[in-house]
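Welcome! Here is a short briefing to read alongside the model, with the main points grouped by topic.

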Amino acid sequence: MPFIKINKQNFFHNLDIIAQKTQSKDKIALVLKDNAYGHGLKIMASLAHEYGIKKAVVQNDREARSIASLFEDILVLADIPKERASNIHYTINSLDQIALFPKGAKVELKVDTGMHRNGIAPQETEAAFAAIRRRGLELVGVFSHHRSADELTSEWFWQKENFKKIKKNAMELAKKYGVKKLRFHLDNSASTMRTQNFNEDIARIGIAAYGCLEMPKALKTEEFKPVLSLYADKISTKKLPKGARIGYGGTHRLQNDAALSTYNIGYGDGFLRCLSHNYTTPEGCKIAGRISMDNSSFYSDKEHLLIFEDAREVAKQAGTISYEILTSLKPEIPRKVV
Ligand SMILES: *Cc1c(COP(=O)(O)O)cnc(C)c1O
């Protein structure tokens with residue numbers, strides 16, 4: 001098995017930067033979906049708790065219940081539970097879902113401000129308030145999501161404006177329907193870092209906390225530090241002659257006599273196969289040939305090989321985003337806090 005190191009100091013450094021932006025760590029809702037972006041749900045939830053984070057966001061009810069004791073409240077983005085829980089909020093993503101939630105459940109209403117993925121249309125807001133009351137649910141929040149906060153376009157402003165209108169309308173409806181206290185939130189990592197005077201109730205922070213936020217140059221932000229690094233152990237080393245061909249398909253031919261080692265990591269662990277042939281580690285070790293399910297060969301004889309320490313660099317080489325590199329890492333890989 002390969003192994004993962006979680007750098008606690010870097011994680012806390014990132015949270016410090018974010019807390020400065022939101023002006024309070026109480027306003028950070030840490031997004032822990034998808035095994036905490038591949039970092040390990042339990043580990044990151046515990047570290048966040050130790051730092052003093054009180055709110056979390058996950059994808060489903062199972063994730064929420066497994067960490068419920070560590071947070072004041074947890075928002076579930078897309079799941080309908082069998083029974084209510086006192087500190088778990090469930091997202092309403094469409095009008096017809098409202099009838100499916102258990103009576104008394106705490107819910108937050110997602111409103112579509114332009115992404116056109118989940119959430120009710122703005123003009124359905126009153127219908128949603130009415131249906132929520134009829135069903136006997138407790139409405140505690142209204143939120144939306146940016147589609148391009150990390151791009152240098154006016155769309156970010158446009159969605160902010162749309163959300164302002166939704167907020168105003170929801171506050172009036174709250175009075176009419178006797179809803180006592182609502183929280184409002186729109187910002188993800190990129191949007192929070194773009195905001196000058198943060199005034200939402202919470203920010204839903206994922207990628208920045210894990211140290212892999214990428215923004216256009218003109219929107220340069222503070223230096224976040226990657227939290228996760230991936231290592232593999234050597235299985236064997238071979239001295240091979242010039243011309244030897246390595247791995248499946250024999251696609252890589254040695255230009256000179258060389259010593260190569262095989263390491264216990266492959267696409268089965270989440271080390272993407274599209275990195276075959278061209279990948280180079282941060283320490284300059286080149287990959288040789290195709291990545292197999294549980295093996296890859298490198299020009300190296302190190303016992304423990306650092307595969308990557310910044311998912312953004314790997315993402316560049318793989319033609320994808322750091323989110324995919326991180327969430328591809330299998331939950332079975334041992335994770336160790338350092
Ligand atoms: C994943 C997610 C986030 C976090 O986004 P980052 O870009 O990682 O900060 C916030 N809100 C919602 C609704 C999400 O799905």
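A cavity is a set of grid points where a 1.4 Å probe fits but cannot get out. By that rule, the structure holds 1 cavity of 30 Å³ or more. Please keep in mind that this is a predicted model. The protein chain has 338 residues, and buried residues make up 55% of them.

**Overall build**

- The protein chain contains 9 helices and 16 strands.
- Taken along the principal axes, the C-alpha atoms fill a box of roughly 80 × 45 × 35 Å.

**The cavity**

- The volume of the largest cavity is about 50 Å³.
- Its lining is made up of Lys110, Val111, Asp112, Thr113, Met115, His116, Arg117, Asn118, Ser144 and His145.
- By residue type, the lining of the largest cavity divides into 2 nonpolar, 5 polar and 3 charged.

**The largest pocket**

- The largest pocket has a volume of about 860 Å³.
- It is lined by 37 residues, and those nearest its centre are Lys33, Tyr37, His145, Asn188 and Tyr323.
- Two or more residues of this lining come from each of helix H2 (33-37), helix H7 (189-194), helix H8 (311-318) and helix H9 (322-327).
- The lining of the largest pocket counts 15 nonpolar, 12 polar and 10 charged residues.

**Aromatic rings and charges over them**

- The structure holds 10 aromatic pairs.
- One of them is the stacked pair of Phe3 and Tyr231, with 5.2 Å centre to centre and 5° between the planes. This pair links distant parts of the chain, as Phe3 is in strand E1 (residues 3-6) and Tyr231 in strand E10 (residues 228-240), 228 residues apart.
- Are Phe3 and Tyr231 buried or exposed? Both Phe3 and Tyr231 are buried.
- Tyr90 and Phe101 form a tilted pair, at 6.5 Å centre to centre and 45° between the planes. Tyr90 belongs to strand E5 (residues 88-92), while Phe101 is in the loop between E5 and strand E6 (106-110), 11 residues apart.
- Tyr90 is buried, as is Phe101.
- Phe11, Phe12 and Tyr51 are linked into a cluster by ring pairs.
- Tyr51 also has the charged end of Lys25 sitting over its ring, 4.8 Å from the centre.
- Tyr231 has a lysine over its ring as well: Lys5 lies over the face of Tyr231, at 4.5 Å from the ring centre.

**Two residues with positive phi**

- Gln23 is not a glycine, yet its phi is positive, at about 70°. Gln23 is placed in the loop between helix H1 (8-22) and strand E2 (28-31), and it is exposed, with a relative accessible area of 58%.
- His116 also has a positive phi, near 55°, in a residue other than glycine. The place of His116 is in the loop between E6 and helix H5 (125-135).
- Why does His116 count as exposed? Its relative accessibility is 61%, and exposed means over 50%.

Methods. Residues numbered from 1 in each chain as written. Predicted model: local features only at pLDDT ≥ 70, side-chain atom pairs only at ≥ 80, totals over all residues. Heavy atoms only, no water. Phe/Tyr/Trp six-rings, centres within 6.5 Å; stacked < 30°, edge-to-face > 60°. Helix = DSSP H or I, 4+ residues; strand = E, 2+ residues; numbered from the N terminus. Buried < 20%, exposed > 50% of the residue type's maximum accessible area, 1.4 Å probe, protein only. Lys NZ or Arg CZ within 6 Å of the ring centre and 35° of its normal. 1 Å grid on protein atoms, 1.4 Å probe; cavity = no way out; pocket = protein on both sides within 12 Å on 5 of 7 lines; lining within 4 Å. Points joined across faces, edges and corners; volume = space filled by probe spheres on them. Nonpolar A, V, L, I, M, F, W, Y, C, P; charged D, E, K, R; others polar.
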